[in-house]
Amino acid sequence: MAEASFSSDQKRRIKAAIEEAELNTSGEIRVHLENHCKSENVLDRAAQVFAQLKMHETEARNGVLIYMAVKDHRFAIIGDGGINAQVEEDFWDITKEKMLKHFKTGDLTQGLVDGILCAGERLKEFFPYQKDDINELSDDISFGKN
């Protein structure tokens, strides 16, 4: 399982990054890790996971999924319709580049942490944190069974 690829401390750092990023935005960020991508197209697989995690059920449709197939060295970032309706087409490119820089050196954890924090900063402009904000999605990392 992909969970074994990360130590307890690394998982704690990733979850802490999600919590920190969500302090800046009403957007909801999730991370899903599995060993192998079950689809030829990584974005298709990320969309399947997005639906399985019920991320489309946020009130503002502002969920973000960072998906990674650890052993296949593939990842994707997808946002829900509320985000996509407001942002430019290449909105996630800056975040992907920050992550890729660390992934190329083998530091998956720092790549995820930087990506999460960058996503939070980018979302802040369109979905600022609200005083009455409710955490609609779990901040825990989800793991695939493969």
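## Glu3 and Lys11

Glu3 is partly exposed, at 31% relative accessibility. In this predicted model, the Glu3 side chain forms a salt bridge with that of Lys11, at 3.3 Å from N to O. Lys11 is buried, because its relative accessibility of 19% falls under the 20% cut-off.

## Lys15 and Asp140

Lys15 and Asp140 also form a salt bridge. Their closest N and O atoms lie 2.7 Å apart. This pair links distant parts of the chain, 125 residues apart. Lys15 sits in helix H1, residues 8–21. Asp140 sits in the loop between helix H5 (108–126) and strand E4 (142–143).

Lys15 is partly exposed, with a relative accessible area of 31%. Asp140 is partly exposed at 37% relative accessibility.

## Glu88 and Arg122

Glu88 pairs with Arg122 in a salt bridge. Here the closest N and O atoms are 3.3 Å apart.

Arg122 is buried, with a relative accessible area of 18%.

## Overall count

Side chains of opposite charge can pair when their charged atoms come close. How many salt bridges does the model hold? The count comes to seven. Among them are Lys11 with Glu3, Lys15 with Asp140 and Glu88 with Arg122.

Technical notes
Residues are numbered from 1 along each chain as its sequence is written. This is a predicted model: local features need pLDDT of at least 70, side-chain atom pairs count only at pLDDT 80 or more; totals for chains, interfaces and linings use all residues. Side-chain values use heavy atoms; hydrogens and water are left out. A salt bridge is a side-chain nitrogen of Lys or Arg within 4 Å of a carboxyl oxygen of Asp or Glu. Buried means under 20% relative accessible area, exposed over 50%, partly exposed in between (1.4 Å probe, protein chains only). Helices (H or I, at least four residues) and strands (E, at least two) are DSSP runs, numbered from the N terminus.
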